[in-house]
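Hi there,

Here is the structure I promised to pass on. Have a look at it first, and then read on for what turned up.

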Amino acid sequence: MTGPTADGRGARPAENTGDGTRVVRAGLPEPVKYEPTLPGPVFAAHFHLPGEPTGPYTYGRDENPTWTLLERALGELEAPGRDGVETLAFASGMAAISSVLFSQLSSGDTVVLPSDGYQVFPLVRAQLEAYGIQVRTAPTGGDAQLDVLDGARLLWIESPSNPGLDVCDIRRLVEAAHARGALVAVDNTLATPLGQRPLELGADFSVASGTKQLTGHGDVLLGYVTGQAGAAMTAVRRWRKIVGAIPGPMEAWLAHRSIATLHLRVERQSATALALAEALRTRPEVSGLRYPGLPDDPAHKIASQQMRRYGCVVSFTLPTRARAERFLEELRLVDDATSFGGVRSTAERRGRWGGDAVPEGFIRLSVGAEDPEDLVADVLRALEESAR
Ligand SMILES: Cc1ncc(COP(=O)(O)O)c(C=O)c1O
C-alpha cells in the first residue's frame with residue numbers, strides 16, 4: 001500500500017502520511033476517468049464465470065468487490081506499510097470473533113479469555129466448552145492473563161475492556177503467549193485502528209466490531225479480522241465460507257464511506273470524552289470513574305505507551321440504581337441506548353443486562369460528536385437533577 005502510481009496520481013497514501021490523510025483515501029481504487037472515487041455497492045449473488053471457476057469473484061458468499069475495497073482500507077489502517085496483511089469483513093463483530101475462535105481451536109485445546117470482556121463471552125465460553133475446548137479466564141487489568149497461559153493455544157485480549165475500560169500490556173502478553181506457542185487475538189473495537197494497532201504490538205489477529213466507532217453512525221452491523229496472510233488467516237476465511245456470516249454489500253459500502261470521517265470523529269470524540277471525564281472527577285456522587293486518557297486513571301500509564309487515542313467511552317458509578325436511572329432520564333443530549341461509538345452520545349445502566357460484573361449504578365457513557373460544552377453541561381445538569 002505505499003505511495004503514488006507511476007504517473008504520481010495514486011489513490012493510496014504513502015505510509016508516512018497522517019491518519020486524516022490515510023482515512024480519506026484508504027482502500028480507494030486507482031482513479032479511472034468517469035468512474036466514482038468510491039465505487040458503489042456491488043449487489044451480486046454470483047458473477048459471470050465461464051470455464052474454470054477461479055476467482056477473484058465467483059460466488060457472493062466467498063468474495064465481493066465492495067468487500068475487497070473495504071478490506072483493503074481496513075488493512076491499511078490496522079497495519080500501515082506492512083506487506084502480506086489480509087483482512088476479512090464479517091456480518092458483525094461477533095461473527096468476526098467467532099470466526100477466529102472456532103477456526104483456530106479444536107477439541108482438547110485451551111483458550112484464555114478475559115473475565116471482564118464483552119458480555120456475550122459467557123455464551124461463547126459455553127459453546128467452546130461444548131466442543132471440548134478448555135476455557136480459562138482472568139481479568140484484563142494487571143496483565144492477569146499471564147498467570148494462566150501455560151499450555152494455551154490462543155490468548156484472547158480485549159483492551160480497553162468493555163465496559164470496565166481496563167487495559168493490559170499487549171506487547172508483554174504477546175511475548176509471553178508466543179513463548180508458549182500460543183496465538184494472540186486482540187479485540188480492537190473500543191480503540192479503533194486509529195487508537196491502537198495490535199499487529200504492531202505483535203498480535204496475530206486484530207479483531208473488531210465495526211458496528212461501533214469504526215462506522216460511527218449507529219446504523220450498520222459489521223466486523224472484521226486482520227492478520228498476516230498465512231495458514232491462520234486461511235482458516236478464518238474458510239470459517240467465513242462455512243458459516244456464511246458475510247456482510248451485505250450495502251453495509252460494506254456504508255462502512256467504507258464512514259471510514260473517511262474516522263479521524264475527524266475519533267479526534268473529536270476522544271477530546272470530548274477527556275473533557276467529560278475531567279468534569280466528572282470533581283463530582284461527589286461519581287465513583288469508579290474510568291477513562292484511560294485521564295492521567296490518574298489506573299490504566300493510563302500502559303495505555304499511553306500502546307494507544308494513540310483513548311476512545312470515546314467513559315464509565316462511572318452513581319450511588320444507586322435509582323439514581324442512575326434518574327440520571328439517564330434527565331439527559332437531553334444523550335440517548336438511553338446500548339452500543340457505543342456513534343456520533344450521537346449514548347449511555348446506559350450496564351447492570352440492566354445482567355451480564356457484566358458491575359455495580360447497579362454503573363453507567364457506560366459513549367461520547368458523540370456534539371459540541372463538548374453542550375454535552376458536558378447536559379451531563380452535569382442531569383447529575384444535579386437526578387439528585388432531587
Ligand atoms: C468489545 C466488543 N467486541 C465485540 C462486540 C460485538 O460486536 P457486534 O455487536 O458487531 O457483533 C461488541 C459489541 O458491543 C463489543 O463491545
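**Helix packing, the ligand and the backbone**

Helix α10 (residues 321-330) packs against helix α11 (residues 372-386) with the axes 8 Å apart and an angle of about 130 degrees between them. That angle makes α10 oblique to α11. The crossing of these two helices, α10 and α11, is right-handed. On the α10 side the contact uses Arg323, Arg326, Phe327 and Glu330, and these meet Val379, Arg381, Ala382, Leu383, Glu385 and Ser386 in α11. Sorted by class, the contact of α10 with α11 has five charged residues, four nonpolar and one polar. Please keep in mind, for this and everything below, that this is a predicted model.

There are two other helix pairs for you to look at. Helix α2 (residues 65-78) and helix α7 (residues 249-259) cross at roughly 35 degrees, and their axes come within 9 Å. Here α2 passes α7 in a left-handed crossing. From α2, the residues making the contact are Thr66, Trp67, Leu69, Leu70, Ala73, Leu74 and Leu77, while α7 brings Pro249, Ala252, Trp253, Ala255, His256 and Ile259. What classes do the residues in the contact of α2 with α7 divide into? In the contact of α2 with α7, 11 are nonpolar and two are polar, with no charged residues.

The other pair is helix α3 (residues 93-104) with helix α6 (residues 231-243), whose axes come within 9 Å and cross at roughly 115 degrees. The two helices, α3 and α6, are therefore roughly perpendicular to each other. Their crossing, α3 with α6, is right-handed. Ser98, Ser99, Val100, Phe102, Ser103 and Gln104 of α3 make the contact with Ala232, Ala235, Val236 and Trp239 of α6. By class, the contact of α3 with α6 has six nonpolar and four polar residues, and no charged ones.

Now to the ligand, which may be the part you want to open in your own viewer. It is surrounded by 14 residues, and the closest are Asn162, Asp187, Ser209, Thr211 and Lys212. For Thr211, an N or O atom in the side chain is 2.6 Å from an oxygen atom of the ligand. Met94 takes part through its backbone: one of its backbone N or O atoms lies 2.8 Å from an oxygen atom of the ligand. With Thr189 the ligand atom is a nitrogen, 3.5 Å from an N or O atom in the side chain of that residue.

Which residues does a cis peptide bond with omega of about 10 degrees join? It joins Asn162 and Pro163, and Asn162 is also one of the closest residues to the ligand. Pro163 has its place in the loop between β4 (154-158) and α5 (170-179). Another cis peptide bond runs from Gly55 to Pro56, with omega near 15 degrees. Pro56 lies in the loop between α1 (19-25) and α2. Tyr34 is likewise found in the loop between α1 and α2. Although Tyr34 is not a glycine, it has a positive phi of about 75 degrees.

Best wishes

Definitions and conventions
Residues are numbered from 1 along each chain as its sequence is written. This is a predicted model: local features need pLDDT of at least 70, side-chain atom pairs count only at pLDDT 80 or more; totals for chains, interfaces and linings use all residues. Side-chain values use heavy atoms; hydrogens and water are left out. Axes are lines fitted to C-alpha atoms, for helices over the stretch in contact, and angles run from 0 to 180 degrees between N-to-C directions. Helices (H or I, at least four residues) and strands (E, at least two) are DSSP runs, numbered from the N terminus. Angles under 35 degrees count as roughly parallel, over 145 as roughly antiparallel, 65 to 115 as roughly perpendicular and the rest as oblique. A crossing is left-handed if the near helix is turned anticlockwise from the far one by less than a right angle, and right-handed if clockwise. Contact means heavy atoms within 4.5 Å. Ala, Val, Leu, Ile, Met, Phe, Trp, Tyr, Cys and Pro count as nonpolar, Asp, Glu, Lys and Arg as charged, and the others, Gly among them, as polar. A residue is near a molecule or strand if one of its heavy atoms lies within 4 Å of it. A polar contact is a pair of N or O atoms within 3.5 Å; within protein, one must be able to donate a hydrogen and the other to accept it, and residues adjacent in sequence count only if both atoms are side-chain atoms.
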